[in-house]
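Subject: Structure for you to look at

Hello,

Here is the structure I said I would pass on. Please open it beside this message and follow along; my notes come after it.

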Amino acid sequence: MSLRGTFAEVSLELAKSDPSIVVLVGDISHGLFTEFRAKFPDRYFNVGIMEPAMASIAAGLAMVGFKPIVHTIAPFLVERSFEQLKLDFGYQNLSAMFVSVGGAFDYSNLGCTHHSYLDIPMVASIEGSRVFSPVSAHELRALMRQVMDTWGGISYFKLTENGVMTYPSSTPLEIGEPVLVRLGIGRIAIVSLGPTLVQVQDALSRLEISYPENGVRHVHVHSFEPINLESCRNLLQNTDRVIVVEQLNSLQGLGSKLAISLGLPGNARIEGIGINGFVRDYGSYQDLLTSTGLSEDCLELALLKALGQE
Amino acid sequence: MGKTNNLELRAEIAKLVHASGEGHIPSCFSILDIVERLYAQHINRYLVGSSNPDRDFFILSKGHGALALYVVLKKFGLISSAELSSYGQAGSAFAGHPDRTKHDVIEASTGSLGHGFPMAVGVALGKQIKRSGGRVFTLVGDGETHEGTIWEAAHFAANHSLGNLVAIVDRNESALQLLKRDDTESKFKAFGWNVLSADGHSKKEIDAALSSSVASEIPTVIVAKTIKGKGVPFLQGHGQWHHKIPTDIDLQAILRELGSS
């Protein structure tokens with residue numbers, strides 16, 4: 001099932017026990033919400049193509065006690081409607097769950113208008129917000145439920161349609177906690193954020209063949225904000241080079257955030273592989289990952305270089 | 001448009017702007033009589049600031065008219081004289097734009113135009129879902145209707161038959177000085193709203209329009225003809241006084257025009 005499908009399924013499950021949940025969609029995913037609409041016709045609205053007003057209408061609903069879940073394509077939900085998120089929710093201390101569809105290049109061939117690699121840091125800049133980049137149904141389900149159990153402020157879920165993988169459902173997940181995916185004993189660690197987990201795992205699988213002694217540690221992050229820095233330090237201890245991989249703007253992403261706030265000891269350094277400037281090209285998802293240095297091939301090469309094996 | 005009502009409230013606004021160095025006097029004078037009638041006769045004041053689901057809401061979308069709201073709240077005992085006197089001071093709940101996080105009687109934080117109206121639509125929708133009582137009033141500037149969110153939300157409100165929603169357009173010709181088409185009524189009509197008109201400085205006409213909107217099963221807009229700076233001729237219009245702070249001499253002149261001291 002796609003992450004969007006899981007999102008619709010979890011929304012329905014939550015709405016059955018919580019009559020304050022209202023779903024607003026901007027003319028997208030309505031096919032996935034057929035059952036929700038049938039069961040709760042008073043609590044489902046396909047608002048139409050009016051993203052900023054949709055956000056403000058959600059704020060009005062929050063004023064009278066509802067828990068709005070607001071959903072549309074990422075750049076329109078966040079970049080177009082940022083002032084509504086900032087003022088109507090952040091400034092007013094109102095709460096809603098915003099769920100977007102569209103990773104950086106999920107709509108690769110639709111061009112710049114549909115690419116999205118600024119949204120996560122934008123939402124995270126709003127005081128009190130919680131920002132998630134799930135890559136699996138397991139993550140999405142667990143985090144959505146935890147957000148509902150600790151309702152407050154903006155929660156933002158950026159869903160991706162490319163590279164969705166089956167995450168081990170036995171892995172315990174908690175808001176803000178990074179996950180150790182691979183315990184390497186070397187000095188190099190790689191940190192994946194959200195959907196880059198797929199390319200990082202592929203690159204590490206290849207590295208096992210090309211350089212079996214690599215010893216690279218892999219830590220995965222699903223929560224951009226909050227993130228438990230102490231847990232990050234513990235998981236990254238005894239490494240002296242941390243490579244953060246993210247489908248976000250490099251200057252505002254997780255690499256920059258960790259470089260500023262993590263405070264690794266000694267000469268340890270953090271570097272990021274992310275997106276620089278605008279990506280104006282068309283092409284497949286894979287084409288754009290390659291051109292931005294985020295494909296599994298590129299990541300394998302980057303790791304070999306870091307290991308002195310290029 | 002005849003005599004000026006609410007002279008004392010106007011004088012209070014001018015004095016507070018003078019003392020604090022913040023405020024939009026002409027905009028406040030433009031909407032004051034409408035806000036006064038809302039709280040005098042159409043909003044259940046006993047439920048303001050409560051969590052009662054049947055309470056009325058008033059969202060001042062035109063946030064820079066905040067002082068008109070504050071003096072009316074004080075007139076009806078919803079905030080104290082001391083609270084109003086703190087206007088513009090550090091630590092006060094009241095300054096140039098309303099902030100709902102600072103006082104229960106303020107329903108929405110506004111200031112950036114085009115936000116309050118769609119939030120009011122959301123509140124009206126919430127009441128419709130819950131089948132709760134009370135009406136939702138919002139006041140927008142006519143210049144504010146240039147914002148796209150007004151029309152996005154107006155379209156939604158009509159499609160969902162939000163008869164519990166009343167928008168009042170402060171038609172003080174701020175819009176007309178910028179873009180010359182004078183078609184606010186026909187636009188709202190085309191969007192499927194119940195459209196009424198009133199003299200925004202006439203108690204009788206404001207009350208009549210607000211009362212007649214109760215029966216509407218679709219959202220109502222009252223296009224209220226007003227004068228920016230109403231009551232003080234040299235403040236009127238769209239010139240330098242929009243956000244000007246009166247000097248001591250200016251204040252005395254304003255108070256003289258208002259018959260105050």
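Which domains does the domain assignment of chain A give? The assignment gives domain 1 (3-159) and domain 2 (179-306); such bounds come from an automatic or database domain assignment.

Two notes on conventions before the rest. Residues are numbered from 1 along each chain as its sequence is written, while chains are lettered from A and ligands numbered from 1 in the order in which they are written. This is a predicted model, in which local features need pLDDT of at least 70 and side-chain atom pairs count only at pLDDT 80 or more, while totals for chains, interfaces and linings use all residues.

The two domains of chain A

The C-alpha centres of domain 1 and domain 2 of chain A lie 27 Å apart. Their contact takes 24 residues from domain 1 of chain A and 26 residues from domain 2 of chain A. Two residues are in contact if their C-beta atoms, placed from the backbone, lie within 7 Å. On the domain 1 side, helix H6 (119-124), strand S5 (130-132) and helix H7 (137-149) of chain A each supply at least two residues. Helices (H or I, at least four residues) and strands (E, at least two) are DSSP runs, numbered from the N terminus. By class, the side of domain 1 of chain A that touches domain 2 of chain A has 13 nonpolar, 7 polar and 4 charged residues. Here Ala, Val, Leu, Ile, Met, Phe, Trp, Tyr, Cys and Pro count as nonpolar, Asp, Glu, Lys and Arg as charged, and the others, Gly among them, as polar.

Strands of a sheet pair through backbone hydrogen bonds, either parallel or antiparallel. Two strands count as paired if DSSP finds at least two bridges between them.

One open sheet of chain A has 7 strands in the order S2-S1-S3-S4-S6-S5-S10, with mixed pairing. Strand S2 (44-46) and strand S10 (223-225) of chain A are its edge strands, each pairing on one side only. Neighbouring strands of this sheet are turned by 15° against each other on average, direction ignored. Within it, S5(A) and strand S6 (residues 154-159) of chain A pair in the parallel sense over 3 bridges, and A:Val131 has A:Tyr156 in S6(A) as its bridge partner. Helix H3 (residues 51-63) of chain A packs on this sheet, touching strand S1 (21-25), strand S3 (67-73) and strand S4 (96-101) of chain A, and its direction makes about 170° with that of S3(A). For such angles, axes are lines fitted to C-alpha atoms, for helices over the stretch in contact, and angles run from 0 to 180 degrees between N-to-C directions.

Another open sheet of chain A is formed by 5 strands in the order S7-S9-S8-S11-S12, also with mixed pairing. Its edge strands are strand S7 (179-182) and strand S12 (269-275) of chain A. The twist averages 25° from one strand to the next. S7(A) and strand S9 (residues 217-221) of chain A run antiparallel and are joined by 3 bridges; A:Leu180 stands opposite A:Val219 in S9(A). H12(A) lies across S8, S11 and S12 of chain A, running at about 155° to S11(A).

One helix and one residue in chain B

Which residues of helix H8 (residues 203-212) of chain B are buried? They are B:Ile206, B:Ala209 and B:Leu210. A residue is buried if 20 or more other C-beta atoms lie within 10 Å of its own, exposed if 12 or fewer, and partly exposed in between, with C-beta atoms placed from the backbone. Seen down the axis of H8(B), the buried residues fall within an arc of 95°, so they line one face of the helix; the arc is that of the directions from the helix axis to the C-beta atoms. The face turned away from the buried side of H8(B) carries the exposed residues B:Lys204 and B:Ser211.

B:Thr138 sits in strand S2 (residues 136-141) of chain B. B:Thr138 counts as buried because it has 29 C-beta neighbours inside 10 Å.

Where the chains meet

In the contact between the chains, 19 residues of chain B touch 23 residues of chain A. The largest share of the chain B side, 10 residues, comes from H5(B).

Regards
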